[in-house]
Amino acid sequence: MTGAGSGIGRQTSLLFAREGAAVTAVDIAAASAKETARLIEKEGGRATAVTADVSCAADCARMVEVAERAFGGLHVLFNNAGISHIDDGDAVETEEAVWDLTMNVNLKGVFLGCKYGIPALLRSGGGSIVNTASFVAVLGAATPQIAYTASKGGVLALSRELSVVHARENIRVNTLCPGPLRTELLMKYLDTEEKRQRRLVHIPMGRFGEAAEIARTVLFLASEESSFVTGATFVVDGGITAAYVTPE
Ligand code: NAD
């Protein structure tokens, strides 16, 4: 589970552990990954923390090795780590370095997770991969964030291909497309009530999603409850993608 130190990743780690899974909590922020593992163990669950940068191949190879060594095999791979850079804007103003960093974490990170995770899933007889994209993979963004939007479109396309290539190997691959959530990633931008209200206008349900609500979707996609679901674009967005005009 990558990006396990915060937001969706932490809530999903906690939920999975409560359901009996042994969780390898991976994050670039060492203290956050350790805290997630500590919270799981405090509740009586099984977890191990790994400090890794998902844009680094050696780190991704190591996180998979640790998971296999600690718990005897890999059954679920949740490629969820992602960034939204403060200087990501339109095509003209966005610096090449911002583009590269965003692509490396958000898109290459998912590729590398799969590169090392898929052989491990095959070693344990198959499993489920959930890759976190965003609703902006299927819809234009409300504010320009060219690198983020392109990276998430890439995650969706990559996941579709993987789902087909591995469909007969007992590996399912689905893309999670969350709408705007009340997590650090978005709230650092929407830091005033006025800004939050401006964004809420576009959400039919009239509120931000919670990381715990996304976690429940990941649990479904990871488990046998979704045994015939693969290659799906799983949108969890309070109705944004369904809306033409939002209700008053
Ligand atoms: P978050 O910022 O709360 O958590 C992201 C975690 O990823 C952090 O703990 C961070 O340290 C970690 N991380 C960042 N770069 C990393 C790297 N190179 N290697 C390993 N870990 C790294 O954000 P969140 O809202 O929980 O986001 C999780 C995923 O959901 C992201 O992919 C994000 O793009 C996506 N998403 C979020 C929203 C939203 O509104 N919050 C909406 C759609 C999609």
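**Exercise 1.** How many residues surround the ligand, and which are the closest?

*Solution.* Keep in mind that this is a predicted model. Start with the count: the ligand is surrounded by 28 residues. Next, pick out the closest of them, which are Ser6, Ile8, Asp27, Tyr148 and Thr183. Then sort the shell by type, giving 14 nonpolar, 10 polar and 4 charged residues.

**Exercise 2.** Which helix gives the largest share of the shell around the ligand?

*Solution.* Begin with the helices α1 (7-18), α5 (146-165) and α6 (184-187), each of which supplies at least two shell residues. Now look for the largest share: α6 provides it, with 3 residues.

**Exercise 3.** What lies 2.6 Å from an N or O atom in the side chain of Ser6?

*Solution.* Follow the Ser6 side chain to the ligand, and you reach an oxygen atom of the ligand. Asp27 also has a side-chain N or O atom 2.6 Å from a ligand oxygen. Finish at Ala52, where a polar backbone atom is 3.4 Å from a nitrogen atom of the ligand. On its own the ligand has 840 Å² of accessible area, and the protein covers 93% of that.

**Exercise 4.** Which residues lie nearest the centre of the second largest pocket?

*Solution.* First, note its space of about 480 Å³. Of the 24 residues lining this pocket, Ala21, Ala22, Leu74, His75 and Val76 lie nearest its centre. Next, trace the elements: β1 (22-27), α3 (57-71), β3 (76-79) and α8 (211-222) each give at least two lining residues. Finally, sort the lining into 16 nonpolar, 6 polar and 2 charged residues.

Definitions and conventions. Residues numbered from 1 in each chain as written. Predicted model: local features only at pLDDT ≥ 70, side-chain atom pairs only at ≥ 80, totals over all residues. Heavy atoms only, no water. 1 Å grid on protein atoms, 1.4 Å probe; cavity = no way out; pocket = protein on both sides within 12 Å on 5 of 7 lines; lining within 4 Å. Points joined across faces, edges and corners; volume = space filled by probe spheres on them. Helix = DSSP H or I, 4+ residues; strand = E, 2+ residues; numbered from the N terminus. Nonpolar A, V, L, I, M, F, W, Y, C, P; charged D, E, K, R; others polar. Near = heavy atom within 4 Å. Polar contact = N/O pair within 3.5 Å; in protein donor to acceptor, adjacent residues only side chain to side chain. Areas by Shrake-Rupley, 256 points an atom, 1.4 Å probe, with all protein chains shown as cover.
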